[in-house]
Structure formats: C-alpha cells, structure tokens
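Here is a short note to read beside the model. Keep the structure open and find each residue as it comes up.

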Amino acid sequence: MDSLNLFLLVGTGLMFTGLLLGSISSRVGVPSLLVFLLVGMFAGEDGIGGIRFDDFSLAYVVSNIALAVILLDGGLRTRLSTFRLALRPALTLATLGVALSASLVGAFATWVIGVDWRLGLLLGGIIGSTDAAAVFNVVKGAGVTLNERVASTLEIESGLNDPMAIFITLMLVEVLVNPEMGLGLNMLITLVQQFGLGILMGLSLGALLSEILLRVRSNEGLHALLLCSGGAMVFALTNLAGGSGFLAIYLAGLVAGNRRGGTGDNVLRSMDSMAWLAQSGMFLMLGLLVTPSEMGDSLVDALMVAAFLMIVARPLSVWVSLRPFRFSWREELFIAWTGLRGAVPIVLAVFPLLAGVGQTRLLFDITLVVVLISLLAQGTSLRYVARWLKVSVPATTPPRQMVPLAASGDRYLMQFEVDAGAKAEGQHLGAITSPRITPLLIIRNQEFRNLAEDPVIEAGDLVTWLAPVAEKDYLSDLCHRLSKDEKRYYGEFFLRGSVPVDQLVAVYGMEKPDPALEGLTVEALFERRFGHQAVVGDTLRLSGLKLRARTVEQGRVVLIGIKLPK
C-alpha cells in the first residue's frame, strides 16, 4: 500500500508541477510541451528526482494511446471548410514534403555522422514529419491568430503526415533487420494500404460513431468519454487491418465534429481536458526516458542535424511542395519555420529500438535533441515570427453568446453588447439591418425593448441577432469599438465586397483605376487575384488604397477594410 501511495504521490506531483509551470510558461511564449518534457528530465535518472525509467515498450504503448486522443481532439475542432482551402497543399506537404525532408536529412546524416545510408535515411524518416500534438498546442498557445490559409495547412498537414513517416520508418527498419530484402513493389503496396485503409476506415467508422452518438442522449462528460473510447476502437481496428490508425482517428474526429451540427462547445471543453491529460502525461513520460549523461557523445551531431532540418531540409521541402499553390513567400517561410517536432518522432525512434536494430540508441538520442531544439527555438519564437512575416490577423471581439439554430443551415443566434462609441450607437435598428441579419431581441437595463418601434441603439444594449456565421465580424464591427491592432491592420473604414470598384475609387481613390476593372466589384477583384481561395488578411492595392479582406465566406470576400494613403 505504501508503494502505491508513493507512486501516486510522485506521479500526481509531477503532473501538477508540469501543469502549473506550463500555465505560467505559455504567458511568456514557452511551449507547455517543452515544460512537461523538461520536468520529466529533471525528475529522471540524471535529475533531482533520480527516477530510473527505461521501459520503452510501455512508453510506446502509452504514447500511441495519447497521440490517438490528441489527433481525435484535433479532428473534432477542424472545420470541413478548411479542407476546401488547404487539403491539396497539406496533403502534398504530408507526402512529397515528408519524403523530400527525410531524404535530405538522411543524406546529411550519412555524410556528417558517417553512418550507413540506411540508418541515415531512417533518421530522416523518424524526424521528417511534423507533430500534431506540438502544432495544435503551440499554435493555440502562441497568442496570435494565423490567417486561415496558413493555420489550416499546418493543422491538416500535421494530422495527415504520420502515415508517410511511419511507412518510411517501418520500411527502413525491415530493410536493416533483413538486409537481403529489397525496396520494391511490396513497399509501395504498404504505403497505399496505410493511406487507403486509414482514409476508408476513418471516414466510414467515424460516420458510424457519430450516428450512434447522435442517438444517445448523454451529458457532455459522458459524450466526450464515448467519443474517446469509440475513437480508440477506430484507431485499433484500423491498425489491425494494416492501415494508419493515426490518420483514421483524425478523420473520424473530423466526421464526428462536422456531421449534422457537429460537437457542442461543452463537449469540446471536456475533450480539451482529455487532450491536455494525454499530451502532458506523454511528454512527462518521454522526459523520464531521457538520460542526458548518455547524450554527450552525440550532442554535436544532433545539433548539426537539428540545424540542417530547420534551416535547409524543411524550408526546401516546403518550397517545392507549395509551388503549385497560391502561397506568398511570407506564408511559405512561416510554414517552413513551424515544422514543429514533438512526440511522434520520439515514438518512431522507439520502433528500431524494439526491433533490435544496431546503433539505434544513437538515433534515439539525436531525435530527442531535435525535438528539444524544435520546441525551444521554433515553438518559443512562433508568435514573433508570425507578426514579423505578417501572417497573423487581429482577433475580432467575439459575441457574448453564439448558438447554432437547429435546422437553419449556417444561421446562428449571436448576442453582442454595444460599446460606447461603436458604429451602432445612436442609430435606428432598421438602419443597420439587412436581409442577411435579423434582430431578434434588445435588452436594455434588464428590460426588453419593442423592436416594432425601431428603437435607437444605446451603449450597453444587449442585441441578439439571427445571422449567418459569415456576418459575425460585421456585427462585431457594428457593436464594438475597433482595437488599435484592428485599426492599424484593416483601417477604420469597412465596405461590403459587393461595392463596385468605380464607386469605391470615386469616393476614396487617389488615382484613376485601370480601365480593365470597369464594371467589376471588389469581390470580383479579389477573386481575380486569389481565385476561390481568399482568406482574411489577403491584401490588394487599388488606386493608392490598400484593400484587406475582413470577412470571407467560402473563399468569397464579404467585407473589406480600407487603409487610405498617408
């Protein structure tokens, strides 16, 4: 009994310490995952805790379960609209990008470290993919809102690239264990099987799971537990069938989160707690596996590999992969820098250790250093790099409440409190109402106002609207004063995308517009430049004006901000 209590005390003490330090570190830009990893290292064999832990089999099992929960949570939060925008570039990065990055790192490791080319390529495969846990956690905690094109590409890539990394790792492990085996058709079949079964079983079992849960009346906590246990079944079944369980559970979460109304905020909050428990426990345990005193001989090699990966291999693979798509050089550079490594490379580094491949402890130590450097250098600098490269957008003040209306498509009930000095203050309700937005309720001094009298809106009013989600920013701009960041980024004037270019130039322009633009609307102007892939923050210059997309609905620019020339 004393041993059990001691185990509980140590385990919960480490978890509490990691969570406490993680909540503080996020305020200064240090990724909480790095904190958990360091807490585990300090509690480990070479640290002040002196805990000896080297059970790689247990670490492998626990990490797989934790990664499954994290990917499920990531899929639940991914909207299908982001797939329309970012699926093709993300899939290219998850396949061609990973293969190219692995090849470059493999060649570099073979040359610098002097290992067999197969071991070098194995190292490239292990650290070639970004990590979903690291990307979801660091992007969420960075304190910046990335433009949708960049954020969607990073999140979808991290959810899709595991099959390629696992394929490369398992292929090289098999070749090292059986040297007479060649790289032929069987390997290609394995890759197709990993992706094909992962996609097929993830989508079909995800649809089945969501259908079952829609028919089960349960509270939020139980619903989240059902999601986790059902997702784990999808993960296990897909792995048993020979597919990628990681890809399947991500897609199952995507289906469950978007099908017939999706998942409510309360369920997502419960899932958030489970994802935090999974990733914090996983990184604490992986930290315990690290023995810094044994890494001295490989430290210089590991630092060179980490630098090559971040400065050469990842940027080059991103540049090649994104060439066919509409990404600016700033966006490509940011995506290259946000190639975060986390738990997945460490878990993959356990594969050759469990298979008994020679020299793989060296690869494990190098992988640990690469992960630490990635979280420390890339993770801590992400918010600053995002602002420097101008891929972040100011956060809009959200509604006080926002509830989807059943059987109404994408229409929501949104409640805003009107700020003093907001555009809506002092205006009649009818003057700011449009066919797309319907006022339902005004509460003033805890009393309901009669909408039939077309009341004048006052500061402090709580106004409830029925409107499509695309009108949220427009209503926020009406009811709230713009922040300094919003004014600096968008300008102080906003117009609908349906405004004709001629009319806009006549009112604000400093130069005559190109005759070829005659008859076009601003929306059509953005479509010419960005196709149907425009996102908030995309910018055009017209007659001395800077036009910036403020609200975008399915690639169509609904609202623009105007910055006048100084």
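1. Burial. A residue is buried under 20% relative accessible area, exposed over 50%, and partly exposed in between, using a 1.4 Å probe and protein chains only. Glu458 has 40% relative accessibility, so Glu458 counts as partly exposed. Arg444 has 11%, so Arg444 counts as buried.

2. Ground rules. This is a predicted model: local features need pLDDT of at least 70, side-chain atom pairs count only at pLDDT 80 or more, and totals for chains, interfaces and linings use all residues. Residues are numbered from 1 along each chain as its sequence is written, and side-chain values use heavy atoms, with hydrogens and water left out.

3. The sheet. Helices (H or I, at least four residues) and strands (E, at least two) are DSSP runs, numbered from the N terminus. Two strands pair if DSSP finds at least two bridges between them. Five strands make an open sheet in the order β3-β4-β7-β5-β6, with antiparallel pairing. The edge strands, β3 (401-404) and β6 (447-448), each pair on one side only. Two bridges join β5 (residues 438-444) to β6 in the antiparallel sense. Helix α17 (residues 472-479) packs on the sheet and touches β3, β4 (411-417) and β7 (462-468). Contact means heavy atoms within 4.5 Å. The direction of α17 makes about 15 degrees with that of β4. Axes are lines fitted to C-alpha atoms, for helices over the stretch in contact, and angles run from 0 to 180 degrees between N-to-C directions. Which residue in β6 stands opposite Ile443? Phe448 does.

4. Salt bridges. The structure holds 13 salt bridges. Each is a side-chain nitrogen of Lys or Arg within 4 Å of a carboxyl oxygen of Asp or Glu. Arg149 forms one with Asp538, with the closest N and O atoms 2.8 Å apart. Arg149 lies in helix α7 (residues 148-160) and Asp538 in the loop between α20 (522-530) and β9 (539-542), so the pair ties together parts that are 389 residues apart in sequence. Arg149 and Asp538 are buried.

5. Two further salt bridges. Glu332 and Arg323 meet through their side chains at 2.7 Å, N to O. Glu332 has 6% relative accessibility, so Glu332 counts as buried. Arg323 has a relative accessible area of 43% and is partly exposed. Glu458 also forms a salt bridge, with Arg444, the closest N and O atoms being 3.5 Å apart. Glu458 sits in the loop between β6 and β7, and Arg444 in strand β5, 14 residues apart.

6. Aromatic pairs. Rings of Phe, Tyr and Trp (its six-membered ring) pair if their centres lie within 6.5 Å; planes under 30 degrees apart count as stacked, over 60 as edge-to-face and the rest as tilted. The whole structure has six aromatic pairs. How are the rings of Phe108 and Phe308 arranged, stacked or edge-to-face? Their centres are 4.2 Å apart and their planes at 5 degrees, so the pair is stacked. Phe108 is in helix α4 and Phe308 in helix α13 (residues 299-322), so the pair ties together parts 200 residues apart in sequence. Phe108 and Phe308 are both buried.

7. A charge over a ring. This needs NZ of Lys or CZ of Arg within 6 Å of the ring centre and within 35 degrees of the ring normal. Arg496 lies over the face of Tyr474, 4.3 Å from the ring centre.
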